[in-house]
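Reader: I've got a model open and I'd like to learn how to read it. Can we go through it together?

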Amino acid sequence: MSDIKKIKDVYLNKLDSDLNIENLNQIKTELFGKNGQISNSFKSLGSLPTDDRKKFASELNSIKDELQDKINFKLQEIETKEINSKLENEKVDVTLPEREINQGKIHPVSQVIDEISSIFSEIGFSVEEGPDIENEHYNFTALNTPDNHPARDMHDTFYLDDNKELLLRTHTSPVQIRTMLNGKPPFKIIAPGRTYRSDSDQTHSPMFHQVEGLHIDKDTNMGHLKGCLNYFIKSFFEVDKIKMRFRPSHFPFTEPSAEVDIGYELKDGKIVIGEGDKWLEILGCGMVHPNVLKNVKVNPDKYQGYAFGIGIDRLGMLKYGINDLRAFFETDYRWLNHFGFDPLDVPSNYRGLSR
Amino acid sequence: MKFTIGWLKEHLDTKKKDSELIEKLTDVGLEVESFENLNSDLDNFKVAKIINAEQHPNADRLRICDVDIGQENTVKVVCGAPNAKKDLLTVYAGPGSIIPKNNIKLTISKIRGVTSHGMLCSESELNLSDESEGITELKTNKYFDKIGENFFKNKNEKVVDLSITPNRPDCLGVRGIARDLAAAGAGKLKNISNKNIKKNGSQTIKVSISKQKNQGCTVFGSCLITGVTNKESPKWLKEKIISLGQKPISAIVDITNYVMLDLNRPLHAYDADKIDKEIVVRNSKKGETFEALDNKEYKLGDDMCVISDKSGVLGLGGVIGGTRSGTEINTKNILLESAYFIPRSIRKTSKILNIDTDAKFRFERGIDPQSIELGLSKAAELISEICGGKISNFDIQKTDKYEKNKIKFKLSLFEKITGFKVNDNEIVKILIDLGFEVSSEKLELDLKIPTWRPDITQPIDIVEEIVRIKGYNNIETLEPEKTKLKDTLNKQQKLFHFLQRSVASKGYFESVTWSFTDSKINNLFKENLKEIKIVNPISSDLDVLRNSIFANLTFYLKKNLDRGFKDISLFEIGPIFKSSKPGDQLTVIGAIKSGKVSRLNWNEKERPLDVFDVKKDAIQTLVEAGYDRKSFFIRDKSPSYYHPGKSGSVYIDKDDIEPVAYFGDIHPNIVKKLDIKTEGLVGFEIYLDHLKENKIKLKDQKPNFEYSDYQKSERDFAFIVDKNFKAQDLIEIISSIDQNLIKSIKIFDIYEGENIPDNKKSIAINVIIQSSEKTLEESDLEKINKLIISTVETKSGAKIRS
C-alpha cells in the first residue's frame, strides 16, 4: 500500500522536473512497461485477500490515472517546447515583398458607363445598343435631319462610301430609331456607345462616347425630362444639391429642344460640380420631334416623350478630374494605371456608385 | 453672330442693363458665346503728336521720332514712314498692343541699334483702309486737343457673340435678336423708320429669271443708283464694321454688309457699267467658269444658280459675286440686287464648289422672302445719303409668291408637352410679339407665320416658341417614376460587363482604342475579312475600320514598350468589323501580354510568357462566366497571326462549329514587322457573339448534393505516345472508361529524350479512383488499372512505360 503511494510521489516528483522526450519514455517504461512498477503492482493483485484486493485495486487505478495524466500533460509540454524551439530557426524576413500582384484596371469610360447604367436602371430604363456603322437614313434622315439641313454640317461625318450612304454614326440617336422601329411604345431606354466625328483637337476626338436616353409614353412631358436629368446628374456626381439650367436650343430631332448647364466652381484648378456660380454645358435634350415619331410609325397624337444625349467621356472627365480627352484613347500604361478602376469596384445601386 | 449693344439698341427700346440683356438672350435660346469689351486691346491706340523727327543714324529711310502721347515724357519711336514729320497728329500704339491688321503684338525692340518704344500706325495697320504708304494723318482741327486719348472711341461698346442655331436665320440680323428680346419682355421693338426715298425712273437693265427645272432663284429685286461717288465709309459705319471684326472696304460694300448684319438681308452691288446689256438668272451649264471675289476661278457644274449677262456668268446667286462686275472706288453707277434663293440649291452648289461665304450661310438657312424691298430701300437710302446718286424704281421679278403660312394651334398642346400652364392671353401676346398674326377661336388659334421664320411649320414649333419666351425655368421638376418595363441588361450585355471585369481581374489594363486603325497594321490581323476603307479618314494612318482588336493593341503595346515598360498586359473589349454593312460587326475581347513572368523576383524564377499563360486567362475567364471546363474542347487551329505551333482555339463543346476563343504566341513575323522588342508576346481573343447561352443558370435549382466518403485511391501511369498525340485525347479516353469510378485525371509530366524513342513522348498522369458505393478492394483497383492501360493502348496506340 504505502509502496505504491511512494512510487506515485517519487514519479510525480520526477515528472515535475525538466525532461526531454527520452526521459519521459524512460519513465513510462519504468511505470507501465512489462516489468514496470505499476504493471507489477497490478500483477500482485491476485495474491491479495479479496477484501484488500478491492480497496487496493481502486487505489492503484486512481494512482495510475493520475500518473498517466501527468505524463500526457508533460508530453504535450515537451512537444510544444520542441516546436517552439524549432520555429526559432524558421524565422523569415516578412518585410520581403509578397509574390507578384497583377492588378488590372477598368478604363474610366467603362466605369462611367456602368455608373450611368446603374443610375438609370434605378428609374426604370433598360439598355439598348446599335451598330457603329449606320446608314445615312438612320443617322440623319429618320432623325428629321434631311440632306439639305444645315445641321448636318455640325456633324463632321466619317463616310464609308462615296455616295455617303454608309457612315460611322455621329451620335447614339439612331439607336432611338432602331429601338422604336423594332418595338411598341412605351419605350424607356438608354443607349451608351461609341460615336464618331472627323474632328480632332484638345477637346475633340474622332471617336468619343455618348449615352442616348429615350422615354416615350402617353403623357411624358418636359417636367419628366427635367426630373429625370436632375435625378441623374445628382446621382452621378454624388451630390445632394445641384444647380441646373435648361436653355432653349435646337436639335432637328427634338422640339422643344434644350441644352443643360450645371453649376460649378473652381477649386485649386479643378472643377467642382454643385452649386458654384459658373455654368458648364453638359448635355442636349428635348421632346422627341413628331416627325421622328412618324418616321418610326409611332403616332405622335397618342405618344410623346423626351430624348437626351450626354457625352460620357466628358462626364468622366468632370467627375474624376481628367483634363485631356484624347488621353482616354492613347493607352498610356501610366494613365490607365492612374485613372483606371479596380475591376471589383462594380458600381451598383445598393453598394453605391463609388467607394 | 456678333453685334454691339449699341447696335441692338437701335432696334430695341430698353432700360435693361447689359447683364440683364445677356441673361435674357441665353434664356430665349440665343446662346451667348462671349460678351466682351470691344477689343480692349484697342485702348492701347492713342492719339499722338510727333514733337520731333530726326534721321536714324544707321538707316536712310528710318526716322527717330519724339512722340507726345499725353504723358509727362515723350516716347522715342523709330518709324519708316515717309510722312512722319514734326507736328503730325497720328496714332501711336504702345508696347503690348496688338496690331489689328496682322495680330502681331508689339514689344520694345531695337531697330538698327536704336530702341523703339512702340509704333506709329498706318491706316492699313489699323484696318481703317488699305492706305499703307505712310502713317495715319489725323486732322489737326479735330484732334489737337485729344492727344493721349484713345483713338478708338467706342471703347465702352461691348460686343456680344451669339452662337445661332441653324433653325434661326432671323437672328443672323440684329433686328431679329431685338424682336426675341422684346417678346421676352426685355424692351420694345422699335419701328423701322420708313423714310420715303425718292425714286426716279425705271430700272433700265432688263432682269429675267429663266424658267428652268431646279431654278434656284424665285425672286430677284433690283434697283439702279446712278451717279454715285464711292468712297471710304463715314466713321460711324466704319466703326460698326470694325466692331464686328470685319474690314471696311468702301461705302457701297460696307453698306450692303451693314444691311445684311442689321436685317439679315444679303444684298449684292454690281458696277452697272460692267454688266453686258441684261441680267439673266439661270442654271449654269457644265464647264462654265468665272472668277469670284475670293480671286479663285470656279468651274461650274450643271444646274447651279448663276446671275449672268450677255458675256457670261457674273456671280453665283446667293453664294459669291464675281470680279468682273464688282464695284470699285471709282464706280459711278450701281445695280443693287436683293433676291431670294432656295436654301437647297445654295447648299448643293456651295458644297460641290466648297465655298463658304456669309451670304451662303444665310441663304442656306432661309432668308425672309418678303424682305426684298426693305433691303433695297434701306441700302439705297444709305448709298444716296453717303455717295449721292439717283435711285431708280425697284424692279421685282418673281416666279413664286411667298405668302404667310398658316397653322392651327390647339392651346391645350402647350401644357400637354411642357407640363405647365400659361394663360391664353399671354400665349397670344407672345406670339404677336414674335410677329405672328393671331386670330383666335375658342380653344384653337389660327396663326399666320412670319415669313422670316422658315423653321416654324407645325404646332410643336409653336409650343417651343411659347416655352422659350416664357422661360424654361417655369418647367417643373417631376420626381422620376421607378417602374421598370424591362430588365436593365440583356444576356449579351450582362456577358459583356462580366467578361470585361473578369479579364481585368487577371491583371490586364483595359484600353479603349479607336474603331479605326492603320491599314498596314490591320492587314497583319485581318485574315480573310474585307478591308473597310474610310472615305475621309482623320489621318492616313487611321484609314480603315479594324478587322481585329489586335491591330490597335499591338500598336499601343509597342508605344508602352518604347516608354520603358516591359511586362505589359492590355485588353480591349469592343467592336470589330466584318463589312461596311450596319450591324455586320462582332464584339470581341482582345488581350495581349508582353515580357516575362516574375521578372526580377527574389523568390520565384523568372521566365518568358508562354502560350499556357494566356490559355489560362482565356479558359478561366470562360469558366468564371459560367461555362463548364469539362466540356471545353481545344483545337490547334488558330488565325495566322498566331504562332502556328504555339496557339489554339477553344470550343465550348466539342461539336461546336465556331470557336469562342483563340490563344497563343503572336506570330514571330508579326512581332518583327511591328518591331516589338520583348521576351514573350502572347494574346487571346474571346468572341462574345459565339458564346452560347449557358445551359445552367444561376437562378436554377442546383442538382442534389451527392458525395462519397469511401476511400480514394490514386494511381500513376506513364504512357509513351506519338509526339503529336494530344494530351486532351488521352484524358478523354481515360475519363470515358468509367465515369463512376474515375474522379479526376491529372497530367503531371511530359517527357521527351533519353530512353524514349524519337518521335515519341511520355505523358505521366495521375488518376483518382473512388466509388460512391463501397471501399474498393485491391482486386477492383487492379481491374480498373488494367482496363485503363488496355483501353489507352488500343485506342491511341500508346504503350505503358514500364
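Reader: Let's begin where the chains meet. How many residues does the contact take from chain A and from chain B?

Author: Keep in mind that this is a predicted model. To read a contact, look at what each side puts in: here chain A gives 72 residues and chain B gives 77.

Reader: Which element gives the most to the side of chain A that touches chain B?

Author: That's α8(A), with eight residues. Other elements supply at least two residues each, among them α5 (108-122), β4 (187-196) and β7 (254-267) of chain A. By residue type, this side of chain A splits into 32 nonpolar, 25 polar and 15 charged.

Reader: Now chain B by itself. How many helices and strands are there in chain B?

Author: Chain B has 19 helices and 43 strands. Buried residues make up 41% of chain B.

Reader: And a sheet? In what order do the five strands of the open sheet in chain B come?

Author: Read across it: β6-β5-β4-β7-β10 (chain B), with antiparallel pairing. An edge strand pairs on one side only, and here those are β6 (75-79) and β10 (119-120) of chain B.

Reader: What joins β7 of chain B to β10(B)?

Author: Two bridges, with the strands running antiparallel; β7 covers residues 89-93 of chain B. To find your place, look for A93(B), which stands opposite M119(B) in β10(B).

Technical notes. Residues numbered from 1 in each chain as written. Chains lettered and ligands numbered in written order. Predicted model: local features only at pLDDT ≥ 70, side-chain atom pairs only at ≥ 80, totals over all residues. Helix = DSSP H or I, 4+ residues; strand = E, 2+ residues; numbered from the N terminus. Buried ≥ 20, exposed ≤ 12 C-beta atoms within 10 Å, placed from the backbone. Contact = placed C-beta atoms within 7 Å. Nonpolar A, V, L, I, M, F, W, Y, C, P; charged D, E, K, R; others polar. Pairing = 2+ DSSP bridges.
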